[in-house]
Amino acid sequence: MTSEHEQTPDAPQAVSRRSFLTKAAGAAAVGTTLAVGIGLRELTRPEPPTHLVAHRAGTIPLDPEDRAWTRLAKWPVPMLLQNLATPFAPELVVPEISVRALHNGDQIAFHIEWEDAGEDAIDAMARFRDAVAVQLPVDPAANAAVTMGATNQPVHIMQWRAAWQADVDLGRRGVKDAFPNMYHDAPPEALMGEEAARQFYPAVVAGNPMARRDRTSPVDDLIAVGFGSLTTHEEQTANGRGVFTGKGWRVVIITPLQPGADKTRLSPGITTSIAFAVWNGGAGNRGARKQWANWSPLEIET
Amino acid sequence: MADVFNWQLGRDMQYPYQAERPARQIAWIFDTNKCIACQTCTVACKSTWTSGTGQEYMLWNNVETKPFGFFPTGWDVELLNLLGPAKWEGGVSTGNTVFESAPAGERVNGWLPTSEHWAHPNIGEDEPSGPVERGTYIDKLPHDTWFSYLARICNHCTYPACLAACPRQAIYKRPEDGIVLVDQERCRGYQECVAACPYKKVMFNNESRVSEKCIACFPKIEQGIQPQCVTSCIGRIRIASFISAPETVNPQSPIDFLVKVRKVALPLYPQAGTEPNVYYIPPIHAPREYLRQMFGPNVDEAVETYQQIAADDELLGLMMLFGSTERIMHSFAVKDGIATGYDEDGTELVSVPLREPTFIREYFDEVHNTYRQNIT
């Protein structure tokens with residue numbers, strides 16, 4: 001039997017399991033052994049969830065390939081081309097993502113996967129990175145505008161970028177990674193040392209998160225009150241991990257349920273809203289050139 | 001979209017933001033006839049601002065050879081392909097700007113150069129427009145076979161396409177001097193500005209992952225000193241000062257005098273609609289048709305005025321003041337064969353003679369019984 005739907009005592013799939021038992025019994029009554037064998041594989045697939053449920057778990061694995069994630073039912077989210085604000089991409093290139101969610105009372109995590117033929121993890125001239133983002137209303141009970149929030153309707157966005165994942169996994173990526181054969185005869189670092197050479201990098205001195213050299217998380221916490229207002233939060237609490245499978249991305253984004261001021265504070269038992277955005281860097285997606293999904297309910301199991 | 005007045009087009013045009021002209025606008029004049037493409041400006045800029053890792057390919061200032069040189073490769077060809085041939089009727093542009101011709105989903109009609117486009121900064125250097133046959137003797141203007149140099153920096157446009165394209169308003173135009181800057185704290189590296197700029201003068205830093213551009217040496221300008229590319233120019237082809245608003249003409253201002261009074265200095269590809277603030281005295285030896293394509297319909301008048309410079313003391317005097325002082329010259333006057341430049345307070349910065357005293361020696365040196373190579 002496939003391990004994808006394997007049950008364990010902790011597994012948050014009681015409904016699906018009951019469904020399996022009922023249907024399996026029916027199938028066994030009419031089928032041959034072989035047919036039942038095939039039927040079981042089909043029938044053990046849980047019913048597609050009607051909305052996203054963050055199931056309670058003991059621990060939440062950061063690894064998106066962990067079985068604690070892959071055995072969970074996927075919640076499919078159809079994506080739309082963002083075409084309310086300019087600029088927008090000419091065509092939809094990521095039609096669907098699949099989401100799973102877990103929480104453990106302290107943290108909540110989202111497992112997002114989508115198909116992508118190529119891994120785009122380099123951030124360089126005319127080259128863009130794959131990325132995905134989760135959006136929550138800062139006030140979980142409020143109806144914030146899906147358009148990255150609005151005045152007095154702030155949203156908390158957590159964005160994972162493939163280039164940031166490469167920074168975390170391999171060390172800060174730079175021009176040498178984008179252009180391995182480049183030659184720079186006298187970079188300032190070699191002439192005056194790292195600290196003095198900082199003055200040659202205005203974005204570094206200005207504290208721009210794009211230029212961060214000490215990244216430990218591939219996910220940024222951001223706040224927005226409408227298109228174009230995206231701002232990196234001063235206190236970074238989100239983490240994550242993304243893996244390119246050869247056919248697409250599997251990404252985990254994890255955040256404390258209580259991440260601090262001006263960010264979304266969640267608790268078990270509530271239902272709030274969640275929205276998503278996804279970018280295919282190879283297709284030129286970046287910024288507003290993206291796929292997005294409208295708000296959907298997010299139920300956090302007690 | 002708002003209706004804004006673009007004096008270079010002679011009409012209102014569509015722009016994403018309301019017109020808000022700065023208190024004063026920094027502007028440059030480049031005399032292409034004096035440029036020898038020594039690239040001293042390029043090196044001065046490069047060594048001052050873009051010697052960091054990730055900036056290797058960046059030339060905020062570059063000098064390219066027309067017709068076959070460009071940085072990035074083909075930037076002007078691509079622009080002309082996007083906009084189509086310029087259309088002018090009675091000095092009014094009737095074609096669409098990069099804003100008015102933006103396709104659905106775009107703020108600006110632009111294109112994004114790849115690393116290959118940026119890889120050949122000296123492509124076409126010193127290449128003439130065609131083969132020079134054996135025995136060719138060039139004895140008239142414009143030349144049949146020609147090339148000319150085009151020095152380029154950010155135009156610090158009145159209606160910047162980079163600013164219009166940024167979806168998060170990370171590019172701003174300073175109200176005090178019109179300098180256009182990328183906010184290094186706010187930029188998220190989308191490169192929309194790189195794609196939008198018709199002149200391709202915003203560049204992506206491969207190390208910092210944000211866009212960067214010519215900053216008009218604002219720390220110098222704030223102290224009343226001209227930018228590095230101007231003060232380093234050994235050919236004295238450049239001047240930087242302030243241009244008055246379109247409805248105002250100050251004949252004592254060096255920029256106003258050249259742009260609005262004598263009208264010898266013209267914007268580059270004005271039909272793009274950004275109202276660039278670098279003005280060029282066109283190369284008089286290049287074919288007029290080509291020059292009209294580059295600088296608009298007023299080329300003939302500009303070239304003819306420039307060719308009469310020997311009889312025009314004011315124009316000659318101002319051209320002699322180019323490169324004569326590091327300070328920003330706010331006004332100038334020509335009197336009794338002397339041209340004088342003044343700072344903002346009216347204090348004299350420099351005086352130069354319109355004609356250098358010369359002594360011409362005999363071609364044959366009888367004392368040493370030889371011919372002289374240099375007789376002036």
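In chain B, 4 strands form an open sheet of mixed pairing, in the order S12-S3-S14-S13. Two strands are taken to pair if DSSP finds at least two bridges between them, and the strands (E, at least two residues) and helices (H or I, at least four residues) are DSSP runs numbered from the N terminus. The model is predicted: local features need pLDDT of at least 70, side-chain atom pairs count only at pLDDT 80 or more, and totals for chains, interfaces and linings use all residues. Residues are numbered from 1 along each chain as its sequence is written, chains are lettered from A and ligands numbered from 1 in the order in which they are written, and side-chain values use heavy atoms, with hydrogens and water left out.

**The sheet of chain B**
- Strand S12 (238-243) and S13 of chain B are the edge strands, each pairing on one side only.
- S3(B) and S14(B) are joined by 4 bridges and pair in the parallel sense.
- Within this pairing, Trp28(B) lies opposite Val278(B) in S14(B).

**Helix H10 of chain B**
- Helix H10 (residues 299-307) of chain B has Val299(B), Ala302(B), Val303(B), Thr305(B) and Tyr306(B) buried, where buried means under 20% relative accessible area, exposed over 50% and partly exposed in between (1.4 Å probe, protein chains only).
- The buried residues of H10(B) line one face of the helix, because they fall within an arc of 165° when seen down its axis; the arc is that of the directions from the helix axis to the C-beta atoms.
- An α-helix has 3.6 residues a turn, so residues three or four places apart point the same way.
- Those buried residues of H10(B) pack against strands S3 (25-31), S13 (266-267) and S14 (278-281), and against helices H9 (288-295) and H11 (313-321), of chain B; contact means heavy atoms within 4.5 Å.

**Strand S11 of chain A and its partners**
- Strand S11 (residues 248-256) of chain A is largely enclosed by the rest of the structure, because 8 of its 9 residues are buried.
- Strand S5 (residues 107-115) of chain A runs antiparallel to S11(A), with 9 bridges joining them; Phe110(A) is opposite Ile253(A).
- Strand S10 (residues 239-244) of chain A is also antiparallel to S11(A), through 6 bridges, and Gly242(A) is opposite Val251(A).
- S10(A) and S11(A) make a hairpin with 3 residues between them, and Gly246(A) in the turn has a positive phi of about 100°.

**Strand S12 of chain A and its partners**
- In strand S12 (residues 271-279) of chain A, 8 of the 9 residues are buried.
- Strand S6 (residues 131-137) of chain A pairs with S12(A) in the antiparallel sense over 5 bridges, with Ala133(A) and Ala277(A) as bridge partners.
- Strand S13 (residues 291-300) of chain A is joined to S12(A) by 7 bridges and runs antiparallel to it; Ser273(A) is opposite Pro297(A) in S13(A).

**The interface of chains A and B**
- Chain A and chain B bury about 3,300 Å² between them, 48% of it on carbon and sulfur atoms; buried area is the accessible area (1.4 Å probe) that two parts lose on being put together, summed over both.
- Met125(A), Val175(A) and Met210(A) supply 18% of the area that chain A buries against chain B, more than any other three residues.
- The contact takes 43 residues from chain A and 34 residues from chain B.
- The interface has 4 salt bridges, each a side-chain nitrogen of Lys or Arg within 4 Å of a carboxyl oxygen of Asp or Glu.
- A salt bridge links the side chains of Glu192(B) and Arg286(A) (3.6 Å, N to O).
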